[in-house]
Amino acid sequence: MSAPRRISILGATGSVGLATLDLVSRAPEGAYRIIALTANRNAADLAKLARRHGAQFAAVADPAAGAALEEALSGSGVRCGAGPEAIIEAAAMDAGWVMAAIVGAAGLRPAMAAIETGAVIALANKECLVCAGDLFMQAAGRRGAAVLPVDSEHNAVFQALNAGQKGHVRRIVLTASGGPFLNWPLERMRLARVEDALAHPVWSMGDKISIDSATMMNKGLEVIEACRLFDLSPAQVDVVVHPQSIIHGMVEYQDGSLIAQMGSPDMRIPIAAALAWPERMPTPAARLDLAAVGRLDFMAPDPERFPALDLARAALEAGEGATAALNAANEVAVEAFLNERIGLLDICAAVADALETAEAEETLPKRFSGFDQVFDVDARARRLAMAAIARRESQRG
Ligand code: NAD
Ligand code: MG
C-alpha cells in the first residue's frame, strides 16, 4: 500500500472544509494522514474534527478561543495553538496538499505560508487571488507549488483546459446560477432580508459567499480570480447565467469547440478533482440524470439589478490596487448587511463609494510591489467602506 497523503485543511469547520473531510472519511483506511486543521473561533467543532481525524495540530485564529480548544483536546494527543500565528504555523507544516478554505482576505497569509512549503494548494479562497493574485501566483511559480482551483467554475475550466493547448484558447465562460434574486424586480430586491439572501436555490455555502452570490459580486470576484489563475485578459472571461448549475465552466478553443464540464451541483466533485489530482477518485455526489434535468437555460446577466459584475470588471481594468480595495470593501459591506445595518442594494453602492474615494486619493497601484502594499490598500478600503456604510445607515434612519 502506498504511503498516506499528508493533508492540511485551513478553514476546516466551514462548508468547503467539512466537504473535504467528508471525502477523506470515505476514503480507504490509511489513504490520508491529517496534519493540521484550523478554524476561526469554533473550538468545539474543531476539536471534534481533530479528534475524529487524528490531526497532529489544531489551531483557532481567535486567541480568545484558545483555552476552550486546549480544554476540548486535552488527553487527545492533538497539539493545539491559538492566534493568527498559530494558523500560519498550521499552514506551514509538512503536508503535501493543503486546502485553503478560509473565507476572505484573512486567508491570504496562511495560503502564502502553505505555498512556501511547496505543497499542492487546493484553492477555495478566491479572495486571496482577488486581493493579491499576481504576487500569489508568482510565489507559487517560484516555489513550484501547484495551485488547483476548487471554486466549481474554475475547477471546470481547469479540467476543460486539458482538452487543448493554452495558445489555442479563445475565451472561457463561467456560469452563474443567478442566486436567489435572479427573478426579483429591483424594487423587491431593495427590501430583501438576510434570510432571503442566504436562501441560495442551488448551493449550500458559508454566509459570506451566499451573500456574494445574491448580489452576484461572487461572479465578479470569480472573473478576477479566473484572469489571475489562468493568465487570461478580462475580455477572455465571459459570464453566462445558467440557473440549473449543471454546466460549471467552459473553454472555447479557436476552432469553435466549446468544452464544458458538467456535474450535479455538489462541491465534493471539484474538491475530489483537486484531492485526487492528477488522478480521479469516487465521490458520493448524485450522478447527473440529464433526462430528469430536462433542460438547461442560459441568459445574459442583468447589469441593472446586479451592478457588482461591472464594478468588478472596472476594478480589474484599473489594476491590482482596485481589485484588492473592491474585495476589502465588499467584505465589510457584506458583514454590515448580515448585521442588518444596510440593505442588499447598499452593498454594491458602498463598495462603489469606497472605490471611488480610494481612486480619487490615488492610493491604488496598478501593480503591487509587495504584500505590505496589499495590506495597506486592504486596510484603507475597509475604513472607506465603513464610512460609506455609516452614511447609508444614517440615510436609512
Ligand atoms: P465558511 O464560512 O463556511 O467557512 C470559512 C472557514 O474559515 C471556517 O472554518 C472559519 O472558521 C474559517 N475562518 C473564518 N474567518 C477566519 C479568519 N479570520 N481566520 C482564520 N479562519 C477563519 O465558508 P465557505 O463557504 O466554506 O467558503 C470558504 C472559501 O471558499 C471562501 O473563500 C469561498 O468564497 C470559497 N468557496 C466556497 C464555496 C462553497 O460552496 N462553500 C464554493 C466556492 C468557493
Ligand atoms: Mg464559484
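Some housekeeping. Residues are numbered from 1 along each chain as its sequence is written, and chains are lettered from A and ligands numbered from 1 in the order in which they are written. Because this is a predicted model, local features need pLDDT of at least 70 and side-chain atom pairs count only at pLDDT 80 or more, while totals for chains, interfaces and linings use all residues; side-chain values use heavy atoms, with hydrogens and water left out.

I start with the metal. Asp151 (OD), Glu153 (OE) and Glu222 (OE) coordinate the magnesium ion (ligand 2) at 2.1 to 2.2 Å. Donors here are N, O and S atoms within 2.8 Å of the metal (3.2 Å for Na, K and Ca); water is not among the atoms, so sites may look incomplete. Along the chain, the donors of this ion are spaced D-x1-E-x68-E. Aspartate 151 and glutamate 153 are both buried, where buried is under 20% relative accessible area, exposed over 50%, and partly exposed in between (1.4 Å probe, protein chains only).

Next, the cores. A nonpolar core is a set of buried Ala, Val, Leu, Ile, Met, Phe, Trp, Tyr and Cys residues joined through side-chain atoms within 4.5 Å. The largest one has 101 residues, and Phe136, Ile172, Phe181 and Leu326 have the most contacts inside it. Helix α15 (residues 320-338) gives this core its largest share, eleven residues; helices are DSSP runs (H or I, at least four residues), as are strands (E, at least two), numbered from the N terminus. There is also a second, separate core of 39 residues, with Tyr32 and Val150 among them.

Phenylalanine 181 has a relative accessible area of 0%, and tryptophan 184 is buried at 15%.

Arginine 188 lies over the face of tryptophan 184, 3.6 Å from the ring centre. The criterion is NZ of Lys or CZ of Arg within 6 Å of the ring centre and within 35 degrees of the ring normal.

Last, threonine 283, in the loop between α12 (268-276) and α13 (290-293). Is it buried or exposed? Threonine 283 is buried, at 17% relative accessibility.
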